[in-house]
Number of protein chains: 4
Amino acid sequence: MRITVWNENVHETRGDDVVRELYPEGIHGQIAKGLAPHFADDGDVIRTAVLQDDEHGLTEQVLDETDVLLWWGHIAHDQVSDEVVERVHRRVLAGMGLLVMHSGHYSKIFTRITGSTASLLWRSEGERELVWTIERTHPIAAGIPNPIVIPRQEMYGEPFDIPVPDELVFVSSFTGGEVFRSGVTYTRGLGRIFYFSPGDQEYPVYHQAEILQVLANGIRWAAPRLPREDLTAEHRPTGWFAP
Amino acid sequence: MRITVWNENVHETRGDDVVRELYPEGIHGQIAKGLAPHFADDGDVIRTAVLQDDEHGLTEQVLDETDVLLWWGHIAHDQVSDEVVERVHRRVLAGMGLLVMHSGHYSKIFTRITGSTASLLWRSEGERELVWTIERTHPIAAGIPNPIVIPRQEMYGEPFDIPVPDELVFVSSFTGGEVFRSGVTYTRGLGRIFYFSPGDQEYPVYHQAEILQVLANGIRWAAPRLPREDLTAEHRPTGWFAP
Amino acid sequence: MRITVWNENVHETRGDDVVRELYPEGIHGQIAKGLAPHFADDGDVIRTAVLQDDEHGLTEQVLDETDVLLWWGHIAHDQVSDEVVERVHRRVLAGMGLLVMHSGHYSKIFTRITGSTASLLWRSEGERELVWTIERTHPIAAGIPNPIVIPRQEMYGEPFDIPVPDELVFVSSFTGGEVFRSGVTYTRGLGRIFYFSPGDQEYPVYHQAEILQVLANGIRWAAPRLPREDLTAEHRPTGWFAP
Amino acid sequence: MRITVWNENVHETRGDDVVRELYPEGIHGQIAKGLAPHFADDGDVIRTAVLQDDEHGLTEQVLDETDVLLWWGHIAHDQVSDEVVERVHRRVLAGMGLLVMHSGHYSKIFTRITGSTASLLWRSEGERELVWTIERTHPIAAGIPNPIVIPRQEMYGEPFDIPVPDELVFVSSFTGGEVFRSGVTYTRGLGRIFYFSPGDQEYPVYHQAEILQVLANGIRWAAPRLPREDLTAEHRPTGWFAP
């Protein structure tokens, strides 16, 4: 498994003390570290890439060598170049897996894939989030306690403007009473996409073992199942099938 | 619109003071009364039927004259005769609409239709339920506040063992933190089914205008769209379509 | 109902004799004419717009006055300005209905909405298409024969690279043996989208009464159910719900 | 993997020469033989059971030792005891996988699970069936040619009265022009169900390698992912989650 964890890496670098304390190696660094024990086989590769890298670290070559891409962004969606978004989108359609996390719902790549606004309710007051499993037999829910208790989190609430998901894996509640479809899957082309909402920069969510387990499960689920294929190619069968 | 509201009518008749005070005319009576202003056109008929009636009040003739059947049951599911359940099921398949309410999830007709156990978490401690709309453009959600606030209710929680719904209209949260798919739709044969969980016998839920509005919307949505048809009939086309 | 039929209008205007003979008033003109008897109430408006119009005929004002937009394009998708596509997309998200027809699967608006390549098999050899109803109680299938027989059509075949549809209304077969999900629905934001594949420029498909009936049904289904709303607005509830 | 192939075994035993010639060891025998190379690991067990066995060969013990059950029935659905059907259903809900084949759509277990009539069009004139893959990344479609060509088959056509499937894996066309959702999945309780229509007793369908590959894929997909669990148990959490 070849995993690339992408992060806009802006909170961390512009002097936000809370974030720097929680994520001294960046959110991407913490996620990569947390995934490492889950992908410790020979051949498993976990790398990171950030907005500030050349081509945001997502060159053709990096994407060629990525089975599943994780995406974390929040306040710099606009700074991601359309060319890179288009490139990522093309790879997803050809079969690369994609995990979009938390405020990545508003990223260019997620709204490009869903065709929706991805708007939602939100409130950052350190509420308790409970992540309930809806599809118990889904591989992404394997080994996950029901519910996951996240002591302090930003609230994300319905209405969440997304297309009807292919699968509804998790639904969350918050202290304040809101609910949220916190784990949903889609397929686009040959690519599998998993959106998972827990994970704000102001709370230590990516230090929580269950959350890392969900991400690891999501990566295995989203991994390509077929050789990459450019689905945009023309297909013009000329013969008819014999009756 | 010809509506039949069915109720097992056991809490009301065996001396449960709380229920009798909340529903002096029975849960069925209150629902029928609450629906009346919504279906006041000539030709609209709202009738009630209870377990204690001959054939539970669901004779062939009554069902012939029913467009949409509402079902409330709780502690007497076992007393409903298999023959009547089979009869109701056959009508649903032929196009009759069905609304299953609250503890009706464990009714013979609902488990017969879903093929599942319908088990769930529950706790009756008078929690506040918030009913959030997920599909904003669904006709069942028309005119419904988001959320509906039910001051005191029995908690129903996930995991709710039902098939993946055709449409997920509402999701609820409870004071205690649980979530529940509280409004879901299915189609079986030509019949449309809406399950709506709010509505316990110990709380005045069916006195709440928004709840009655949901039921009225559900009835309109579930009403037959085609002439009734026995789908079990054989269909053996013999010719082939010309190429 | 205020309907706008959009057509790229290129086959018709650049001297394609077959198309001109089949559609002397343009494909848009024929569709508008065919829909007229279905929308003959006071207040119903059917207008047309073409690529060659200023802003492709889809100004802010025209879209303000459009409940449902029909889209036909084939060889000039690239000539549709991104600004107009963005404008149409925004209106769909705010609640405008959209019908995408035939080769419109490759249009910018459809791929923008679906996030997919929309690729498929195709072969234009005048095959018979049979359009089978899958969801019999769907309003789009109301009054439609099962199957619709289209004597001569272009073949569109699976794999059709689209997201899993919300509803699968029709599936077609072709003389050569291919199958195709020919009628599918989606929701994006508050907007409802219906893709319907029959309708090539080289065959008189839009002269066929059943096809026009499907379009009329689709328009009624896709019509806005709520006041238009900009879902991109921020929603930051600050209070919590009382327990 | 512990697999049990169940067959009513009536065509084979009552002197139907065509069937006996095609399936001298019974349809169950041929399927078991065809699956053997796919499940040749230590611990893999393939057994068969037939209607004529004591308890139809589906004792509590056999089901305890079955991960995935395959079901073939046609003219003797009525002879299957309700008790055995109930027993199989309970196991499916607790997590056992189930593959229902061909005319098994009318079996008691399939209609019990789906709550529908399962009626369809049919015609047995030896038509060519083409089985097209709809969900290319689905594990059941792995390694399957697109389409599978079955030279001679019974036609099964839409409308097929089943609930909207969780996943639509295959759609077939027939020489005569009909289409059919030939590969569909459901979940009930913790059990996964795959219905696959190819496979009539009068044609050598189960001798075809691609068909056996689909069944092998289906078995792997339907295998239990969690320990068996009786979902009918009561769950009454009493505490609330701390805010």
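Student: How many salt bridges are counted between chain B and chain D?

Tutor: The model is a predicted one, and the count between chain B and chain D is zero salt bridges. Polar contacts are another matter: 16 residue pairs, both members at pLDDT 80 or more, are in polar contact between chain B and chain D.

Student: Which elements of chain B supply at least two residues each to the side that touches chain D?

Tutor: Two helices and two strands are to be named here: α4 (82-94), α5 (108-114), β5 (121-133) and β8 (179-188) of chain B. The largest share, five residues, comes from β5(B).

Student: How is the area buried between chain B and chain D to be read?

Tutor: The size of an interface is often given as the accessible area lost when the parts come together. For chain B and chain D, this buried area is about 3100 Å², and carbon and sulfur atoms give 54% of that value. In terms of residues, 38 of chain B are in contact with 37 of chain D.

Student: What rotation superposes chain B on chain D?

Tutor: The rotation is one of 180°, with 0.0 Å of shift along its axis, and the RMSD is 0.0 Å. The two copies are therefore related as by a two-fold rotation axis. The contact residues agree with one another as well: 97% of the interface residues of chain B are also interface residues in chain D, so the copies meet through the same surface.

Student: How many salt bridges does a search of the whole structure find?

Tutor: Over all chains, the search finds 58 salt bridges. In chain B, the side chains of E25(B) and K33(B) meet in a salt bridge at 3.3 Å, N to O. K33(B) counts as exposed, at 51% relative accessibility, the cut-off for that class being over 50%.

Student: Which parts of chain C does the pair K108(C) and D82(C) tie together?

Tutor: The closest N and O atoms of K108(C) and D82(C) are 2.8 Å apart in this salt bridge. K108(C) lies in helix α5 and D82(C) in helix α4 of chain C, so the bridge ties together parts that are 26 residues apart in sequence. K108(C) is partly exposed at 24% relative accessibility, while D82(C) is exposed at 54%.

Student: Are E158(C) and R181(C) buried or exposed?

Tutor: E158(C) is buried at 1% relative accessibility, and R181(C) is buried with a relative accessible area of 6%. Their salt bridge has its closest N and O atoms 2.8 Å apart. E158(C) belongs to the loop between β6 (148-157) and β7 (167-174), and R181(C) to strand β8, so the pair ties together parts 23 residues apart in sequence.

Student: Which residues of chain A do salt bridges with shared partners join into one network?

Tutor: The network joins E55(A), E60(A), D64(A), E83(A), R87(A) and R91(A).

Technical notes
Residues numbered from 1 in each chain as written. Chains lettered and ligands numbered in written order. Predicted model: local features only at pLDDT ≥ 70, side-chain atom pairs only at ≥ 80, totals over all residues. Heavy atoms only, no water. Least-squares fit on C-alpha atoms with pLDDT ≥ 70 in both. Contact = heavy atoms within 4.5 Å. Buried area = accessible area lost by both parts, 1.4 Å probe. Salt bridge = Lys/Arg side-chain N within 4 Å of Asp/Glu carboxyl O. Polar contact = N/O pair within 3.5 Å; in protein donor to acceptor, adjacent residues only side chain to side chain. Helix = DSSP H or I, 4+ residues; strand = E, 2+ residues; numbered from the N terminus. Buried < 20%, exposed > 50% of the residue type's maximum accessible area, 1.4 Å probe, protein only.
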